[in-house]
Amino acid sequence: MHAGFEEICAKAAAEAGNAGHPVLAVWREEIERVEPLLPSTPSRGTFFWSSGDLTILAMDRAAAFPAEGPNRFAEVRRAWERAARTMVGGGPGDRATPALVGAFSFGDGPGSLMWVPRVLVAQRARGPATLCLAARADPVHGVEDDAARTAWRAVSWLANTVVRPCPPLPVTGAVIEELPTAGEWKAMVARAVGHIEAGRFSKVVLARRLRVRLPYPPDLGGLLHTLVGAQPGTTVFAAGTGTRTFAGATPERLVAVRGGRAETMSLAATLPRGSTGGDDARLRAELLGDAKCRREQAIVTDMLRGALAGVCHEVEAPDEPEVLDLPHVRHLHSRVRGRIADPETTGVLDLVERLHPTPAVGGHPREEALGWLRAAERFDRGWYSGPIGWVNAGHEGDFAVALRSALLDGAVATLFAGCGIVAGSDPERELAETWLKFRPMLSALLDDQGGPR
Ligand SMILES: C=C(O[C@H]1C=CC=C(C(=O)O)[C@@H]1O)C(=O)O
């Protein structure tokens, strides 16, 4: 591995010198599976993804593409297109392996960041893993980090990765603060319903936070391991900026692009799981039959269908939604799919741009709802409810909507949850719903094994 990687680094340095712009060197090779594939200590550039049968773990950054504003997706897309076009690739590993990872802010403020990790391991449920090593060659200074050192760090990092996650221990003495208070948030829901009934918009998704002060910083590997085990049917993710890590277990896929096809998901409306079999079956029937829930989800399906139709042929969305069962809640959902008309010019980041924010996290009509939300919510959502995911060198990839998540900063975790508000929404029920949505992260952080609060 050292020799091959060093060789392509030298080639990238020469090409950067000739071309007068930075060039990436990316080496891919198969390695034995890594079990469990979990971060030991968070680093700048930690990225974790566990969805369906794909797990990704990455560290450090060979190149970073920060962006902000309404054009953030197009900016990153352009930068990645340039980098992927000039990249010097090598090694026998799969060229479709994820290469660019990261997250976009929900809003137009700063904070969106996609990066090419220095070291990335990707593995499917079966078969070997792929290791990718990357380095950036600068036209003047050549390769920034010594190639042999990057390879050595990868090997020692992988050796450290195979630590067993900490056994979960019940946490006592955590202090939980609601932001805003329950009363203030319910008043906001009532105001939103007033605007909906006055015809200003038809749906808005209003969020709130929980600040949890823990007695000590949570173990990231242990937390992710718990979420993967306890939240089947979700994508478990983490992205680290250095001192802070954003992590969660979301049921919502924003969009996946593979083999010229795009798939997105209309997810909305929430009811709790029942405590007995009969109760659970009754709640499932209630969700499917409830006019308000159906309306809330139909708004999302219609928007997704329209957004895909702009760039896809054969857009399919079922007439009837299905029920997605999760451990604490269930939602209505429909898969919306299409065949991309021009896969050469339409990659996954173009679809992310078209789709975000869907009415599952923003509102409808988009601008009217978001205009009100910006003033009403009074906090910066950051990466919560934004797109998080990965892209490969062929512009295929997968993005989730970062829900059921927390920003971890030392021993303080800030949790986020939001609810779709439509005509007839009841503030008390919406507040209870936020607790159900906080539950997976809260249980994983506190190991309280608790049911819905
Ligand atoms: C905004 C969130 O969930 C969305 C996704 C599914 C169901 C939702 C709801 O019932 O309100 C939300 O639209 C969240 O979990 O923070």
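**Strand β10 and its surroundings**

In strand β10, L210 is the bridge partner of E178. The model is a predicted one, in which local features need pLDDT of at least 70 and side-chain atom pairs count only at pLDDT 80 or more, while totals for chains, interfaces and linings use all residues. Residues are numbered from 1 along each chain as its sequence is written.

Strands here are DSSP runs of E with at least two residues, and helices are runs of H or I with at least four, numbered from the N terminus. Strand β9, residues 175–179, runs antiparallel to β10 and is joined to it by five bridges, where pairing requires that DSSP finds at least two bridges between two strands. Antiparallel pairing also links β10 with β22 over ten bridges, and there V204 stands opposite I421 of β22.

The ligand is surrounded by 18 residues, of which T270, A360, L403, G418 and G420 are the closest, a residue being near if its C-beta atom, placed from the backbone, lies within 6 Å. The elements that give two or more residues to this shell are β10 (203–213), β14 (261–272) and β22 (412–421).
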